Amino acid sequence: MRTLGFIAFVFLLASGGISAAPITLEGRVVSVHDGDTITLLGKDLRSHRIRLAGIDAPEIGHGRDNPAQPFGQASKQSLAELAFGKQASAACPQADRYGRLLCVLYVDHRNINVEQIRRGMAWAYEQYAIDPTYHLAQAEAKSYRRGLWRDADPTPPWTYRQLKAQ
């Protein structure tokens, strides 16, 4: 059984399911899916679905049975203003369980992950944001009541998803 697990691990590693080492991508942002997910068209003309690492943006919703969170669309629009159609680089240490690369996105040497938090358009994802800059940007956004921090008691997306699942 251990051999089968090892073979599966090697297969995932070889197929790109798990990153063995951090990669850096360069290209143009061709799509913004929500406030923390984009598609980057690499210089090799391959599309890369990227989830911005260490942040979690409000849910945008998908139809009547799956409503959006407050600021979900505003967060998507903010990310589009920062990145859509622009040349970008992405430092990607790993992939998530959905096959998206988890990356720090840079446009004009500006950390877009941190900028989304600073604008109040995403939370520092407590479970994954290890860079203290993320937490400082969140404290700044909160103190100036930017974006989602205008709400009296905003619900983090991870809590929102748990509540929806019940």
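A residue is called buried here when its relative accessible area is under 20%, exposed when that area is over 50%, and partly exposed in between, with a 1.4 Å probe and protein chains only. By that criterion, 42% of the 166 residues of the protein chain count as buried. The structure is a predicted model, in which local features need pLDDT of at least 70 and side-chain atom pairs count only at pLDDT 80 or more, while totals for chains, interfaces and linings use all residues. Residues are numbered from 1 along each chain as its sequence is written, and side-chain values use heavy atoms, with hydrogens and water left out.

Start with the whole chain in cartoon view. Five helices and eight strands are present, taken as DSSP runs numbered from the N terminus (helices H or I, at least four residues; strands E, at least two). Along the sequence their pattern reads α-β-β-β-β-α-β-β-β-α-β-α-α.

Centre on Ile50: leaving out residues up to four places away in sequence, its contacts (heavy atoms within 4.5 Å) are Leu25, Asp36, Thr37, Ile38, Leu40, Ala90, Leu101 and Cys103.

Now move to Asp34 in strand β1 (residues 23-34). Asp34 is buried yet has no salt bridge, and the nearest side chain of opposite charge, that of Arg100, is 5.5 Å away; a salt bridge would need a side-chain nitrogen of Lys or Arg within 4 Å of a carboxyl oxygen of Asp or Glu. The side chain of Asp34 instead reaches the backbone nitrogen of Asp36 at 2.9 Å, and that of Thr37 at 2.9 Å. Beyond neighbours within four places in sequence, Asp34 is in contact with Ile60, Lys76 and Leu79.

Finish at helix α5 (residues 157-165), whose buried residues are Pro157, Trp158 and Tyr160. These lie on the same side of α5 because they cover an arc of only 160° around the axis, the arc being that of the directions from the helix axis to the C-beta atoms. On the face turned away from that buried side, select the exposed residues Gln162 and Leu163. The cover over the buried residues of α5 includes β4 (55-56) and β8 (123-124).

Terms used: Lys, Arg positive; Asp, Glu negative; His and termini not counted. Polar contact = N/O pair within 3.5 Å; in protein donor to acceptor, adjacent residues only side chain to side chain.
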